[in-house]
Structure formats: structure tokens, C-alpha cells
Amino acid sequence: MARPPRDAHAFPIESIVTDNSILQKGADAVARATPDGVARRVRGLSDRAVAWIFIAPTIILLLAINIFPLIWTIQLSLTNYRANRPNAEVRDVGFRNYERILGNEDIWFSMQTTASFVVLTIAIQTILGFTLAYLIDRKFRGHAFWTTIILIPMMLSPAVVGNFWRFLYQPQIGLFNYVVSFFTGAEPSSFTMLGDVDLAMWAIVIVDTWMWTPYTMLICLAGLRSIPDYIYEAAEVDRASAWRRFWSITLPMALPFVMLAVLFRGIENFKMFDMVNLLTGGGPGSITEVASITLKRQAFEAWRTGYSSAFAIILFVTVFGLGSIYVKALNRVKQR
Amino acid sequence: MSAKRTNAAYSVVEPTTTSKRVAGTLVVLYAIVTMIPLLWIFATGWKSPPDSISYPPKILFEPTAEGHCNLFTTRTRQTDEFIESLGPPRGMCDRITRERNMVIAGESNYFPRFVNSLIIAFGSTFFAVLLGTISAYAFSRFKVPLADDLLFFILSTRMMPPIAVAIPIYLMYREVGLSDTRLGMILLYTAVNVSLAVWLLKGFIDEIPREYEEAAMVDGYTRLQAFWKVVLPQASTGIAATAIFCLIFAWNEYAFAVLLTSGTAQTAPPFIPTIIGEGGMDWPAVGAGTTIFLVPILVFTILLRKHLLRGITFGAVRK
């Protein structure tokens, strides 16, 4: 009990002692008044019992809302069930749904769209985010304020903000087209970001970059700040050039953080649904149809529940598999 | 050499004044560009419909509450004679609506949807933080068999695409009568948020020295009393930060909401894109609705800025 508090903000141990002596008297009085069995039970929940009582609700909830549905999805994926015809006969079709998905060119196209979307957005956001973090790490006056301003977009609802970008992208009246025409001289009504086969993907990439660059920036900034000053001082003693310092100290030491940002952004963008659904809905045609949009169209518009369940399982295995491989690589970089 | 060392400009770790100026300028430029779409949303909420779709886009305009009036009401077009027969307008929105040859027919769905968002976000946050705190405490303090596997299992539930989860949830809710109910959405968001809550709170509780509870238990507290009276007050900052992250997720969520709710339990995110006026989107109303919806998050972001990094990386990075 004699141990002093670790720091000024730590818990005042003295107050427990005083509080407790009062409480103890009360507890003793209660213990005297209650039969032995009850008293033991009140005082006696073992740590093991507390552990299970504390963990069980979370596990039960996750089993009910995540694992049970997952198992059900696997089961549905082996049938031809359609959710809009609950009374129709359900047949077991084995792995035919999986065969049809893996043999379907549209599905492969949607997977390619997802892959190029993920790679493109992550590449842009990592480079831009790292650059911004590097600039903010110069610690100019007011950098904390401007950092907070830059962080705002990532906290907002992608759906609600994505919806508003539709307005900015309007040909003729939209602010985006106006600004582009102001700088390039192109007629503002001569291009439609969301309706053009070549531009629609870029329209989504721009919004995603606007929204999520702060995310990579924040993680990269933590990486840059984790590099101790003495390493740079040692490099200065060795007369390493600024260029050399960047490539042999800054970048390698911040790399685990950069990779972490890529992991989180990768998983999020692989699942991307809300922003694309509101900006283009997968269109024009199916040019911007990322995997989640295909899944939604199959499951909730075509109502091919069995078929889309199989696709959902394939997606889950893909993101889980890629994620695991990536985490292994990340751990190897960390250990270096 | 000694003169150089005292001069900050020659230090290796302190950037030079020029590099600070260049960096500052570039970052401020980026911040301004970032803010333009948000400022445009805000401005559009105060424009009249013709101003909002004018070419070139109007930066200076006469502010009007028409967007806000349209957001909260439904209107019908009426003849001049009918409008005159109504007598003097009651209130500002009534007057603005009549100038457009329309009368207010009733309240729009925006307010009920906003209330749904509040109930579902706060309800799910409460349960997620409650379950998350006790589970995190157990993982932090006790030897739980297979603890790492359980923690990874809790995290992995976050990797599934929402649409993939939504298919069986849709069927399950239809079976048990939870479709389009607030309770159903609260349960679902609690399940999604609890993984974040467990991971974040485990980090926060790990940082509280065990000695505090042990001292209390030596003095006769039970484990539960020690948890309640010693650990919880120490973890309160962490719990608050976690709660705000859960709240933001539930507030912003769209995929589950658009697929699983249609009426009584619909939240604001799927509703806002459906605000339409006569002949297309009513952009001032959308701008007003979006602004009202975003303001709470702006406040939270500023409150949270110290814990932001930790929250967005599931506690993997602690400053």
C-alpha cells in the first residue's frame, strides 16, 4: 500500500483506503446479517467466472449476428434459393453456384474493376498522404490546426457526402466542372464525370481520395514521429545527404506504418459500397461496378440469393486470404 | 561549431525556416481545397433553388431559408385564388412557400429519419461500449483460454463486406420480425461496433496498472467492486473516445441501412439522397439536410483529435 502513485494524474490510492474502511464496515455488517452461503456467493465470484461472464455476451452477440449468418450463407450458397419466392421449392445444387461464378465473365470484370479501384486509390492516397505527413512534420506554425482541418472529410458519412458530390459533378451547373473549365478552358458542359465511360471511375477515385487521404496521412505522420531524433543526428555526423537520409532512415523506419495504412485502406476499399452506389450505382453500364455493387444487384435486385451467397463467400475468402498474407509480410517488415 | 549548434537553423532535426514556409503553404493550400466541397454544401443549404443551379456557380448570393423550409415540409402546388383564401401566412416558411405558389401540406420525413439516426446510433453505441468494456477488461486482466484466437475472431468479423452479411441478416430478420425495426438496427450496429470497442478498450485498460485493483482487492474489494470503482474511473477517457468512434460509425453507416430498412427504422443517410423537389433534386434542401447531419460529426472530430489515430487503426497505433 506504501507504493506512491506513478504520476500526478494517477489514481489517489489514499482515497481508496479511506473509502474502503467505511465500505468494509458496511460489508461486515451485511455479512453478519446474511447466512453463510449467500455471503460467500456475494464475495466469492472467482476470477474465472468473472472472465466468462464478461466475455460471453460479446461472443454470443457475434455468434448470432456474424457467425450464424455466415454459416447460413454457406448453406444458402449450395442451393438455388430465392429470397423473393419463399415458398418455391429449394433444391440442393452442390457447388454449381461457385462454378457459375468463377466461369462468369461479368463477375471477373467486376473483380478487375474492384482490383483496379483498390490499387489506384491506395497508390494515390499513400503517396499524397505520405507527402502531406512529411510536410506537416516540418512543424510550421499552426500545423496542429491545419491538420485537424485536413482530417475532417474522413470522419463524415461517405454516403451523405458522396451524394453531394453528385451535385458538384453536374455538367454545366456543377462546381467541379466549372473549376476544371476555369483552369483548362474546356467547355463545362462538354464532359460528364459520372456519365462518361472513361471518366466515371476517376470521378469515384477523386471523391475517395478527397475523403481518405487524411487517413493515410495521419498514420504516416505517426510513423514519421516515431523515428527518434538521435538517428538523424548520427546520420548528420556521418555527413549523409538529405536525400540519403530520406531513403535510408525516414522511409524504411516509417514503412511499417505506411503498410498498416495500406492494409486498412485496402480492406475498406475492397468492401467499398456506399460511395459508388450513390455516385454512379455501378454505371454507366457496369463500368464502375465494384464487387459489392455486383453483389447487391444479384442479391437484392435479381434476388438470386443462393448465387449471390456463393459470391459473398468467395469475396470473404478473398479479403481474408489477402489480408492474412499481407499481415505476414507486415510482421516481417516490422521485425527487420 | 558551438555557435552552429545553438542556432536552430543548423540542427538536423529542426527544419529550416524556408522548408517550414514551403511546407506550411502547401499544407494550407491542400486544406483549403479539401474544405471547398464542404463549404459548398453549407452554402447551397442557404441558396434559393434557382441560385443553386445557376451558371456560372454563384459564390455570392442572397441567403434564404427556403432550403431548410423545403427540407422539413412537403408542399403542394395551388392556384392563386386558393392561396389568397388562406389568409395571412403563418411563419416564415409559410410565406416563402406561398411565394412559389405552393402551400405546406405537412411535415417531411427528415425529422423522423434524423430521430431514428439518433436512437439507433446512441442505442448501439451504449451496448457496444458496455459489452466492449467488460470483454476488454476480461481479455486484459485474466488468462482467457485461446485469448488471441478469440480477439482475432472478434476483429475478423469486421472484414466481411457489409452486403455479404446483409443477405443472411435480411432473411434472419424477416423470420424473427426484426426487419425495418430500430431494435434490429441497434443489434446489428452493436455487433459491428463491438469489435472496435473491444480492441480499443483493451488497449486503454492495458495501460491502467494492475496494482491499483490489486491494492483495492487486498483492502477487501471484490473483483467486481474493484472493476467498478477503480478501473472504470481510470478508463473513462478511453471509454469516451471509444464511444464517440462507435457513435460516428453508426451515425454514418449506409450499406446496412439502405438494404435492411425502408420506412419506420430508416436512418438519415439512406434518406438524404432521396430528397427531391419538383423536377429533380432539391439541392438547397439536400445541402441543408447534409449540413445538419454533418455538424455533430464535426464537433466530435474536434473533440476526438487526440485519440483519432488510435481509433482509426483499431488501437494498433498509439501515439
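**Around helix α13 of chain A**

Mentor: Start with A:Pro284, which sits in the loop between α12 (274-279) and α13 of chain A; helices here are DSSP runs of H or I with at least four residues, strands are E runs of at least two, and both are numbered from the N terminus. Keep in mind that this is a predicted model: local features need pLDDT of at least 70, side-chain atom pairs count only at pLDDT 80 or more, and totals for chains, interfaces and linings use all residues. Residues are numbered from 1 along each chain as its sequence is written, with chains lettered from A and ligands numbered from 1 in the order in which they are written.

The bond joining A:Gly283 to A:Pro284 is a cis peptide, with omega about -5 degrees.

Who meets whom? On the α13(A) side you have A:Ser292, A:Leu295, A:Lys296 and A:Ala299, and on the α9(B) side B:Ile163, B:Ala164 and B:Ile167. By class, the residues of this contact are five nonpolar, one polar and one charged. Nonpolar covers Ala, Val, Leu, Ile, Met, Phe, Trp, Tyr, Cys and Pro, charged covers Asp, Glu, Lys and Arg, and the others, Gly among them, are polar.

Now zoom out to the whole interface. In total, 89 residues of chain B are in contact with 87 residues of chain A, where contact means C-beta atoms, placed from the backbone, within 7 Å. Helix α2 (residues 17-44) of chain B gives the most to chain B's side, with 15 residues. That side of chain B has 69 nonpolar, 14 polar and six charged residues.

One last thing, back on the cis theme: chain B has a cis peptide bond from B:Tyr55 to B:Pro56, with omega near -5 degrees. B:Pro56 lies in the loop between α3 and α4 of chain B.

Technical notes
Two residues are in contact if their C-beta atoms, placed from the backbone, lie within 7 Å.
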